[in-house]
Amino acid sequence: MLICHCNLITEKEIEDTIIRLLEQDPWHLIVPAKVYHTLQKRGRCCGCFPNVVETIIRVTEHYHSRSEASGMDIVSHLDRVRGLRAEYGSRSHERRKADNRAA
């Protein structure tokens, strides 16, 4: 399935890149920019980044579930993302009040 229409990157290419990065360092924090840099591409419209994040979460959790690390060592990446969304979602955007708009 095509994930990035701007760069013509498939889901399989992204998954393979994530696995290569995890094999180098299993506890490395992988973000879309790291995946694109490894693929020697750059985000253009960045509309695919939410799908790339979901792919990173899915592949990373599957990779760690197959590893020999104990369950106590593995933190659910999806729970961490939800926590970050809750933490940053509760703040006002760019420290502005809701009634103010940027020009």
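**View 1. Leu8 sits in the loop between β1 (2-4) and β2 (9-10).** This is a predicted model, where local features need pLDDT of at least 70, side-chain atom pairs count only at pLDDT 80 or more, and totals for chains, interfaces and linings use all residues. Residues are numbered from 1 along each chain as its sequence is written, and side-chain values use heavy atoms, with hydrogens and water left out. Strands here are DSSP runs of E, at least two residues, and helices are runs of H or I, at least four residues, both numbered from the N terminus. Leu8 has a phi near 55 degrees, a positive value in a residue other than glycine. With a relative accessible area of 60%, Leu8 is exposed (exposed means over 50%, buried under 20%, partly exposed in between, with a 1.4 Å probe and protein chains only).

**View 2. Cys46 is in the loop between α2 and α3.** Here too phi is positive in a residue other than glycine, with Cys46 near 65 degrees. Its relative accessible area is 33%, so Cys46 goes down as partly exposed.

**View 3. Helices α1 and α3 pack against each other.** Two packed helices are described by the angle between their axes and the distance between the axes. Helix α1 (residues 11-24) and α3 pack at about 50 degrees, and their axes are 10 Å apart. Axes are lines fitted to C-alpha atoms, for helices over the stretch in contact, and angles run from 0 to 180 degrees between N-to-C directions. α1 and α3 are therefore oblique to each other: under 35 degrees would be roughly parallel, over 145 roughly antiparallel, 65 to 115 roughly perpendicular, and the rest is oblique. From α1, the contact is made by Glu11, Ile14, Glu15, Ile18, Ile19, Leu22 and Glu23. On the α3 side, Val52, Thr55, Ile56, Arg58, Val59, Thr60, Tyr63 and His64 take part. Contact means heavy atoms within 4.5 Å.

**View 4. Glu15, in helix α1, pairs up with Arg58.** The side chains of Glu15 and Arg58 are joined by a polar contact of 3.0 Å. A polar contact is a pair of N or O atoms within 3.5 Å; within protein, one must be able to donate a hydrogen and the other to accept it, and residues adjacent in sequence count only if both atoms are side-chain atoms. Leave aside the neighbours within four places in sequence, and Glu15 is in contact with Thr55, Arg58 and Val59.

**View 5. His64 lies in helix α3 (residues 49-66).** At 2% relative accessibility, His64 counts as buried. A polar atom of the His64 side chain lies 2.9 Å from the backbone oxygen of Pro26.

**View 6. Val31 is in the loop between α1 and α2 (32-38).** Val31 counts as partly exposed because its relative accessibility is 36%. Ile18 is 13 residues away from Val31 in sequence, and their C-alpha atoms are 9.5 Å apart in space.

**View 7. Zooming back out, the chain has 4 helices and 2 strands.** Reading from the N terminus, the elements run β-β-α-α-α-α. Buried residues make up 24% of the 103 residues. Among contacts between residues at least 6 apart in sequence, 52% join residues at least 24 apart.
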